[in-house]
Amino acid sequence: MLVEIGHFALVLALSMSFVQGTLPIIGAHYNKQSWMALARPTALLQLMLILISFVALTIAFLGSDFSLKIVVNNSHTLKPLLYKISGVWGNHEGSMLLWVLILAIYGGAIATWGKNLRPALRARVLSIQGLLGFGFMLFILFTSNPFDRISPAPINGQDLNPLLQDPGLAFHPPLLYLGYVGLSTTFSFAVAALIEGKVDPVWARWVRPWALVAWGFLTSGIVLGSWWAYYELGWGGWWFWDPVENASFMPWLAATALLHSAIVLEKRDTLKSWTVFLAIIAFALSILGTFIVRSGVITSVHAFASDPGRGVFILALLVITIGTAFVLFGWRAPLLKGSNLFQPISREGGLLINNFLLTVASASILLGTLYPLFIDVLELGKISVGAPYFNAVFVPLMTPMILIMGLAPFMTWKRADILVGMSKLKIAGILSILVFIGVWFIKDKATVLASFGIGVSAWLFLATLSELKNRINLFGIPFKESINKLLRQPRGSWGMTLAHSGLAIAVAGMTASSAWKVESIQNMNTGNSINVAGYEFKLEDVRQVRGPNYLATRGIFAVSKHNSNKIIMKPEKRIYAVSQQPTTEAAIEPTLLGDLYIVIGDKNKDGSYITRIYFNPLVPWMWFGAILMVLGSIVSLTDRRYRIGAPSSRKMLRQSTSDPVESINT
Amino acid sequence: MKPKNKRLSLIVATMTALAASVALILVAFEDNVVFFYSPSDLLKKRPGPTQKLRIGGLVKKDSIKREPGVTEVSFEVTDLNNSVPVVFNGILPDLFREEQGVVAEGRYREQLFYATQILAKHDEQYMPPEVAESLKKSGKWKGPVELEK
């Protein structure tokens, strides 16, 4: 019964989204107030209906209702509660339902907090959200209905893929989707603005919080996925430049560019069509990501079984959505002229270079990801483009970007003197060169590039701190006044400081863990010990352990450095009872300078075990840096100027921007 | 500088940057495109010993061998017409099994494929498209359902 209610609610939501997608936008065109007024109630109703549908599916999973096909395929009565819930989106059909739920949540959020939006703009934005929902709900109902029944109902299910039975991956899809789908809001705003032919700083101030929300979620989703790959796959790596990973990274790069160009638009009323273009591109890349993950057209190390028919449907949605947006863009963009000019050397210039590099990087990843597909379609053979390509392109593009990231906040709007900025960064510059040489000296001389990478990250970190110091005029005025200034910094600037220094710390982690990883593979018997990276790893015992729905071979390692305190580490190899699928559970011990990482493998005929031991330098820095970046987006969001309904508080804004020091990078 | 010259120099700078990026991408591409071979292709075309490539097929039944005391594992990848011996040093992906699809990346030297990476699957139902292709080419494709067994 409940399942039927869920199914029916979804069909109702589809029709609701059609009303939401048509009447308000037509009403906005003919200036019919009553039609435009439909936007908000329909958006909220649609959200409610999809929520009912989603809850119904969740209850079916919780109660192990095996008359539902996806419950049979992805659940089991023995499965722990958390994974019964995450099983809802641990499969194609359920994850698409989550997709439209989140789309409706964003629509509902705009409807709820968008009271201060111009009614016509609000009607158009919500209509476009409604049309997106309509397309994706059609997709669900026609190709991937989560409410499909199976008859006769089996007694038990086939269990969720054991790799997905993990806390990291339970939350990875919702966060990632909140990011992907969050970019639908900026897309809707962009398309609505194109229809109106009007883009102004007020529009930008509206778009920025949504871009920030999407960016924050996307960042956490990507990092959580990367963390999962790091500890669950047992390869000791955290990023493989795999198509599925690239699919989430491309929209992230575009969203990062969007976030920054919207600043220029808000502050300087220029880069209008570029910002609109980025908003379209960012969402296009999100849908493309969904296509890549869901269609299985590209071989991926993270591939799941998939159905090509669905891929075609998503591709059609992509072409229609983005094609229409681009036609509109080509037609209306010439209307969007910026009112302010700027010199190449200025903060606008710096942000534009950052945008250029991010976009080129995104395009190069797109090329590398899709090229094998083109070659295949043209029947020129099967190829793959591996990590070396992406590293060879990405690193040289990002290095100048990070160098400029340090400098740009010191430049003034419109026209800047580069020498003034440089002179304020003298100490940061000298220190980071010292770091570069120092690391090069300590480490192997062969890794000069990696040492340079550490130097670059030190530069960004120190430059970001110098910018904060400069902003509060530390040592220039009495210390107490500086502290007062520090406390009065707008949240937006704190956001920048946190995000930029977070990136600096993460870059150090990425560089070090790629360049100086120590790896050792060997056979070990109980009692054997081995030295890796100055630590002694002793295999004390191997036990068989029983989990709730799996059996595990657990190695007990005692790890010590120079006879200091022993740490016990317990890597596992699990066999899940239902699917008989094995998984690896690496044991990880984070230290300040890196992770100790142990994987236990198969048992040999002579009773020994293959073990793989890594020392992964500075990996914890990477996670810490990423947390700072997400924190930065949260802090920025609490900036009073974005308090939703910002346009009404323009007076406040004008006051705060009148102080040039305070306005920096907010 | 006159505004006109300034604009010109800006355009030149942008174009140079763009050209540099394109050059960077092309050079990286040239070096890093990895071709895929089925075992039959590999025996026919015989790529050079330094060329990085991928092979794919099924892990041949009873071909997985581990010598005591070494971590190296050897097995054969087959498209059911021809097979290629592979050696790999490391821990195999969890879903690596006999008679299952596999994709290996590495180099082919003296009749032996030295794998540097074995691609993992996350899902038992999944068959890499290349492997399906290999089997179709050798005429042994029976559809995904039967291959699971």
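Predicted model: local features only at pLDDT ≥ 70, side-chain atom pairs only at ≥ 80, totals over all residues.
A salt bridge is a side-chain nitrogen of Lys or Arg within 4 Å of a carboxyl oxygen of Asp or Glu. By that criterion, the count between domain 2 of chain A and domain 4 of chain A is zero.

The secondary structure of chain A amounts to 21 helices and eleven strands. Its radius of gyration is 26 Å, close to the 26 Å given by the globule rule for 666 residues, so chain A is as compact as a globular protein of that length. Along the principal axes, the C-alpha atoms of chain A occupy a box of roughly 80 × 70 × 55 Å.

Chain A is divided into four parts: domain 1 (1-160), domain 2 (169-179 + 197-417), domain 3 (418-516 + 621-657) and domain 4 (529-620). The centres of domain 2 of chain A and domain 4 of chain A, taken over C-alpha atoms, lie 37 Å apart. Seven residues from domain 2 of chain A and twelve residues from domain 4 of chain A take part in the contact between them.

The size of an interface is often expressed as the accessible area lost when the parts come together. Between domain 2 of chain A and domain 4 of chain A, about 710 Å² is buried, and carbon and sulfur atoms give 44% of this area. On the side of domain 2 of chain A that touches domain 4 of chain A, there are four nonpolar, two polar and one charged residues. Although salt bridges between the two domains number zero, four residue pairs are in polar contact there, with both residues at pLDDT 80 or more.

Elsewhere, charged pairs do occur: the whole structure holds 18 salt bridges over all chains. Side chains of opposite charge can pair when their charged atoms come close. One of the salt bridges joins A:Glu266 and A:Arg205, with the closest N and O atoms 3.1 Å apart. This pair links distant parts of the chain, since A:Glu266 belongs to helix H10 (residues 243-268) of chain A and A:Arg205 to helix H9 (residues 201-232) of chain A, 61 residues apart.

Two features of the backbone complete the account. The peptide bond from A:Ser151 to A:Pro152 is cis, with omega near 0°. A:Pro152 is placed in the loop between helix H7 (119-143) and helix H8 (167-196) of chain A. A:Asn31, a residue other than glycine, has a positive phi, near 60°, and lies in the loop between helix H1 (2-30) and helix H2 (33-36) of chain A.

Conventions
Residues numbered from 1 in each chain as written. Chains lettered and ligands numbered in written order. Heavy atoms only, no water. Domains from an automatic or database assignment. Contact = heavy atoms within 4.5 Å. Buried area = accessible area lost by both parts, 1.4 Å probe. Polar contact = N/O pair within 3.5 Å; in protein donor to acceptor, adjacent residues only side chain to side chain. Nonpolar A, V, L, I, M, F, W, Y, C, P; charged D, E, K, R; others polar. Helix = DSSP H or I, 4+ residues; strand = E, 2+ residues; numbered from the N terminus. Rg over C-alpha atoms; globule rule 2.2 N^0.38 Å.
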